[in-house]
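User: Please help me read the structure shown below. I would like to go through it by question and answer.

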Amino acid sequence: MTTILIHSNVLNFEQSKVIERTFGKPFKIDNHYRIHVKNRPSNETISQLAESIQADVNVLPEDFNAKEIKLVISDMDSTLISIECVDEIADFINVKPEVSAITEAAMRGELDFEASLVKRVALLTGLDTSALQQVFDERLTLNPGAKTWIKGLHKSGIKFALVSGGFTFFTERLHTQLKLDFSRANLLGEAQGKLTGEVIGGIIGAQAKADFLHELCEQLEIQPNQVIAVGDGANDLLMMHAAGLSVAYHAKPAVQQQAMTCLNHRGLDAILDFIA
Ligand SMILES: [Mg+2]
C-alpha cells in the first residue's frame with residue numbers, strides 16, 4: 001500500500017473533488033490529508049494533482065517508518081532561514097551582485113561548491129566583522145513554520161541538526177536561540193576585527209554535509225534510514241540521498257527532481273506531516 005500526503009489543513013470543495021477523482025476520498029490527520037492507494041502513482045500524476053489543487057502532494061517511500069525517525073538534519077540558508085547569509089554580508093562591502101550570482105549558480109549545481117565558497121569569501125576580505133552581527137540582527141529571518149517545526153520534532157523526541165555551507169557565526173546563534181541539538185558550518189577567518197577572506201579548516205560542502213549525517217548516526221546509534229534530510233541547494237543532495245526521507249524545501253529544480261518529497265507551497269511545519 002502507498003500513502004499519499006496532501007499538505008493542506010483545509011480542502012475546499014473543488015480541491016476535494018479533484019483529489020477524489022484522482023485517488024479517492026482523503027482522510028485528515030493533524031494538519032494534513034492522506035490517502036492510501038494500492039499502487040504507487042507516477043510522478044507525473046502527483047505533480048499534475050499538486051498543480052491543479054495548488055498544494056503540496058507527496059508520496060511516502062514504501063519503506064518509510066515514521067516511528068523510527070530519530071534525527072532531522074537541515075540546511076540553513078534558504079531552508080531554515082530566508083536569506084543566503086554570504087550574499088547579505090557581501091552587501092556591506094558592495095559586492096552583493098557578484099557574490100549572489102556565484103551563490104545562485106552553485107545552488108543550481110553548476111559550480112563546484114567548495115571552490116565557489118573560497119571565491120565568495122575572498123571577495124569579503126577586509127570587511128569589518130560587525131557586518132556579521134548586523135546581518136544576523138537586521139536581515140536574518142526564519143522561514144515560515146520554522147519554530148513550530150523544531151518544537152514539534154523535539155516533542156516527538158527527534159533531534160535537530162543544522163548543517164550549513166554558510167558560517168558558524170549564524171549557525172551558532174541559531175543553535176542557541178532555537179535550542180538545536182547539533183550544528184556545523186564554515187569558520188570565517190578574522191584578524192583585528194576584519195574578515196581575512198579565508199575559511200578556517202575544512203570546507204563544509206556537499207560531502208561534509210553527508211559525512212555529518214553519518215557521524216551523527218554513529219553518535220546517536222541510529223541508521224541513516226532513521227533520518228530526514230531537508231535542503232534546497234545542489235550541495236544538499238549527497239546528504240539528502242543518504243537519508244531515509246529527503247525533503248526539497250522550495251528548492252532548485254535539480255534538487256526537486258532528485259528528492260523523495262518536495263514542499264513548494266507550505267512552510268517548514270509541513271515536514272511534521274511526514275511523522276504524524
Ligand atoms: Mg541552502
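User: In which order do the seven strands form the open sheet?

Analyst: Strands here are DSSP runs (E, at least two residues), numbered from the N terminus, and helices are runs of H or I with at least four residues. Two strands pair if DSSP finds at least two bridges between them. In this predicted model, residues are numbered from 1 along each chain as its sequence is written, and local features need pLDDT of at least 70. The pairing is mixed, and the order is β8-β7-β6-β5-β9-β10-β11.

User: Which strands are the edge strands?

Analyst: An edge strand of this sheet pairs on one side only. The two that do so are β8 (194-200) and β11 (261-263).

User: What is the bridge partner of Tyr-249 in β11?

Analyst: Strand β10 (residues 245-249) runs parallel to β11, and three bridges join them. Within β11, the partner of Tyr-249 is Leu-263.

User: At what angle to β6 does helix α9 run?

Analyst: Axes are lines fitted to C-alpha atoms, for helices over the stretch in contact (heavy atoms within 4.5 Å). Angles run from 0 to 180 degrees between N-to-C directions. Helix α9 (residues 206-220) lies across β5, β6, β7 and β9, and its angle to β6 is about 155°.

User: Which residues are the protein donors of the magnesium ion?

Analyst: Donors are N, O and S atoms within 2.8 Å of the metal (3.2 Å for Na, K and Ca); water is not among the atoms, so sites may look incomplete. The donors follow the spacing D-x1-D-x154-D along the chain. Lying 2.1 to 2.2 Å from the ion, they are Asp-75 (OD), Asp-77 (O) and Asp-232 (OD).

Notes. This is a predicted model: local features need pLDDT of at least 70, side-chain atom pairs count only at pLDDT 80 or more; totals for chains, interfaces and linings use all residues. Side-chain values use heavy atoms; hydrogens and water are left out.
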